[in-house]
Amino acid sequence: MKSIYSHSLAVEGREILFHIWDFSYSQDGADESSAEEKRVQWADGFILVYSICDRASFNILHPKVQFIKATKEATSQEKVPIVIVGNKRDLHHQRVVSSEEGRLLALSVDCGFYEVSAAEAYHGSLMVFQGLAERFCEARLAPKRGTGIRSIVKSMSAVFARKRTDSL
Ligand SMILES: Nc1nc2c(ncn2[C@@H]2O[C@H](COP(=O)(O)OP(=O)(O)OP(=O)(O)O)[C@@H](O)[C@H]2O)c(=O)[nH]1
């Protein structure tokens, strides 16, 4: 079911208005891929939430991150802001995914990471949205992909190649 909420938040002295599309991924892969692609294209940033008590919800994250990155990076040169969140932190006796696993996954796919309890405190969710907004601002300010050392080397060799041809 589609639910879009709006919420504004002050981040580093700036008011940011979020339009949040709360969407449940089916764990059986029954999502139509064109619908999933549309949702990914719609968003500027992503919060992927799993339950620390449900390994299946954690296991689908890696392919989801890959899908989001592949879809967004096909049309944009900016890094995609993604935050991974382990929810239900209060249910420690039912925990099956360790904090370390969550943190390692986030690190390996270059995403932010938080563990929260949506049922307990508002503060955790606030941190998540602030973290996402910070990643979003960083992505906007960062140099575009393709302007790194490889493309400088590439354009320099293009210049040299042209010179050689010119002098023939
Ligand atoms: N103890 C605890 N229960 C939680 C927490 N977050 C959600 N729940 C409970 O988990 C159940 C599912 O919560 P939802 O908010 O519907 O979770 P959801 O991911 O949006 O669910 P779907 O959209 O149906 O996938 C509800 O009974 C919530 O009360 C949490 O941090 N701790």
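Me: How many aromatic pairs does a search of the whole structure find?

Reply: The search finds three aromatic pairs. Rings of Phe, Tyr and Trp (its six-membered ring) pair if their centres lie within 6.5 Å; planes under 30 degrees apart count as stacked, over 60 as edge-to-face and the rest as tilted. One of the pairs is Trp-21 with Trp-42, at 5.1 Å centre to centre and 85° between the planes. This pair links distant parts of the chain, Trp-21 in strand E2 (residues 14-22) and Trp-42 in helix H1 (residues 33-42), 21 residues apart.

Me: Why is the pair of Tyr-50 and Phe-58 called edge-to-face?

Reply: The ring centres of Tyr-50 and Phe-58 are 4.9 Å apart and the planes stand at 65°, so the pair is edge-to-face.

Me: Is Tyr-50 buried or exposed, and what makes Trp-42 partly exposed?

Reply: Buried means under 20% relative accessible area, exposed over 50%, partly exposed in between (1.4 Å probe, protein chains only). Tyr-50 has 1%, so Tyr-50 is buried. Trp-42 has 38% and is therefore partly exposed.

Me: How far can the coordinates be trusted?

Reply: This is a predicted model, in which local features need pLDDT of at least 70 and side-chain atom pairs count only at pLDDT 80 or more, while totals for chains, interfaces and linings use all residues. Residues are numbered from 1 along each chain as its sequence is written, and side-chain values use heavy atoms, with hydrogens and water left out. The mean pLDDT (the predictor's confidence in each residue, from 0 to 100) of the chain is 83.

Notes
Helix = DSSP H or I, 4+ residues; strand = E, 2+ residues; numbered from the N terminus.
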